[in-house]
Amino acid sequence: MARRRNPAPTGQDFDREFRAQVAQMTAGLAPTAFTTAWADWAMHLAQSPARQGELRQEALDRAVDTWAFALRALAGAPVPPSEGLAGEPDPRFGSNEWATFPFNVYARAYQNSVALMKDAVRDVDGVTDYHAQLLEFAVRMLLDASSPANYLASNPELLALTQAEKGQNLLRGLEHWLDDVQRTLEGAAPPGTEAFEVGKSVATTPGKVVLRNELIELIQYTPTTRQVHAEPLLIVPAWIMKYYILDLSARNSLVKYLVDQGHTVFMISWKNPDAGDREVGMDDYLEQGLRAALDAVTAIVPRRKVHAVGYCIGGTLLSIGAAALARERDERLATISLFAAQTDFSEPGELAFFINPSQLAMLEASMHKKGVLDSRQMGGAFALLRAQDLVWQPIVNNYLKGRRDPMIDLMAWNADGTRMPWRMHTEYLYRLYLDNELATNRFPVGGALVRLSDIRAPMFVVGTETDHVAPWKSVYKVDNLVRSDDFTFLLTSGGHNAGIVCGPVHPKRHYRVKTRRLADPHLAPDDWLAGATRHDGSWWPAWQRWLAEHSSGQAKPPALGAPAKGHGVLDDAPGRYVRQR
């Protein structure tokens, strides 16, 4: 995986540079995508006089409602802003403080505006579904930003707090803001992350690094049982995150849980690439990542198949690699487990707002200029999908209430971001997300196409109910693509991260699970949901039992590393790559 020299600039490079400059002015959002969606909506609305009439009438009705409510509120008696409201009330305005004038009027006018604007971009004949969704997203961002709950002068709860604390909350908020600005300028981690140092507070499961190449370190964890299941596990985490999301604190470390249950666990730890790795592509991640790790595992634990596990994009890579292995009649994989991993990107959920030719051209230009995609840029895109929870509410808490949310291990991990090489991420976005090559048998590995239908190993696939990154119905599509005769799909409560990292015991979680044989009829997602059995608690024990049932028996734990085969112990876990910033 040699680093290649950059060629001389071309006309395409100048165009890229221009788009990269535009991206800096638009926070990375492609204005052409939103203006095209707006033009589609405006032109079709202009051709729909009946729909125009409906919206005019709704605008009039809601204006009348706001004025009538204001007159009632002026009478002096407290009136809740959602009283008699046509539509879904906003829970942010449920406290008694919001029932007083003029704040109840602010809240009532805002809720009427929200309902009108959302209705305005819906149900316009002729507008493409994607453009309608893009407009709804733009409207949602605007409405999230304009809520009276976000501002001191229009939020009675904030005013009452400020009066009670004699402004001390604002002074603390100013201190927090100045601290955050300084940390941003210095590229420092958020406050509180210092308590979660890698190797001391998180990523503490004992083990050894037994392979290091230009892209990965492979960690083999120290056994804690006298006997282990014969087949080892190889975990392929996403490279858009650091692997230790699966080895956080002892109470919610999936790695520790598996080791304590008698499994021999290997973990890939991806290098955090820099600008010099700009030409590293998907084939490199397959060869230097998955294949190199699999070769090492089967050298250290010879004559045994491997349980392969992939999380998020690591699961996508594992699916591609498994299809390539099947094409070559390589039968080293005993089973395949996928966590919140997509293989069919035809319905990628809310990330589709950022997956269009205009947006990808702008993102590719920014990446090409830097050589990598910075984790903060990617984190900003995810934050926009849940702006109320991840942008505006933290602003209110930190700077207006003067309260820092307590840092937890998962939040500290989330702040420890990684970069992605230009070539790999460009291939990933264009070939998988935009063109959906993997699901349509058009994705090449090593110059030859792979087919997911070649995969016949037993599979255990996990989706999460509230996943914004990999919606469970999209994850479920893999059932239509592979030819496994032992296919289990499990749907757990929670989101993309918290749903997976839930610990072995979690009384507030639940899951549904169902196994299908190849001869069984395929079920649509909603039919599967209706027929799957619900269980309370964490899904980890169910998956662990499945792994045990698909193992060939017990054996003595293998030695750490295999020096005679070129895989001696190089370092203690968690290794070097995970510490790269």
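Colleague: Is Asp416 buried or exposed in this model?

Modeller: The model is a predicted one, and Asp416 has a relative accessible area of 5%. The limit for a buried residue is under 20%. Asp416 therefore counts as buried.

Colleague: Which residue meets the side chain of Asp416 in a salt bridge?

Modeller: Side chains of opposite charge can pair when their charged atoms come close. Here the N to O distance is 3.0 Å, and the pair links distant parts of the chain, 165 residues apart. Asp416 lies in the loop between α14 and β9, while its partner lies in the segment after β17. The partner, exposed with a relative accessible area of 66%, is Arg581.

Colleague: How many salt bridges are there by the rule applied?

Modeller: Among them is the bridge between Arg534 and Asp536, with the closest N and O atoms 3.6 Å apart. Another joins Asp571 to Arg576 at 3.5 Å. A network of salt bridges links Asp179, Asp180, Arg183, Glu194 and Arg404. The count comes to 39.

Colleague: Is Asn169 buried or exposed?

Modeller: Asn169 has its place in helix α7, residues 168-186. Leaving aside neighbours within four places in sequence, Asn169 is in contact with Leu161, Thr162, Tyr399, Leu400, Lys401 and Gly402. Its relative accessibility is 0%, so Asn169 counts as buried.

Colleague: What is the distance between the C-alpha atoms of Val391 and Ile355?

Modeller: Val391 is found in helix α13 and is partly exposed, with a relative accessible area of 26%. Beyond residues up to four places away in sequence, Val391 touches Ala383 and Arg386. Ile355 is 36 residues from Val391 along the chain, and their C-alpha atoms are separated by 22 Å.

Colleague: Which residue just after α15 takes a positive phi?

Modeller: Helix α15 covers residues 422-434, and its buried residues include Trp422, His425 and Tyr433. The buried residues of α15 pack against several elements, including α1, α9 and β9. Just after this helix, a positive phi of about 50° is taken by Asn436.

Conventions. Residues are numbered from 1 along each chain as its sequence is written. This is a predicted model: local features need pLDDT of at least 70, side-chain atom pairs count only at pLDDT 80 or more; totals for chains, interfaces and linings use all residues. Side-chain values use heavy atoms; hydrogens and water are left out. Helices (H or I, at least four residues) and strands (E, at least two) are DSSP runs, numbered from the N terminus. Buried means under 20% relative accessible area, exposed over 50%, partly exposed in between (1.4 Å probe, protein chains only). Contact means heavy atoms within 4.5 Å. A salt bridge is a side-chain nitrogen of Lys or Arg within 4 Å of a carboxyl oxygen of Asp or Glu.
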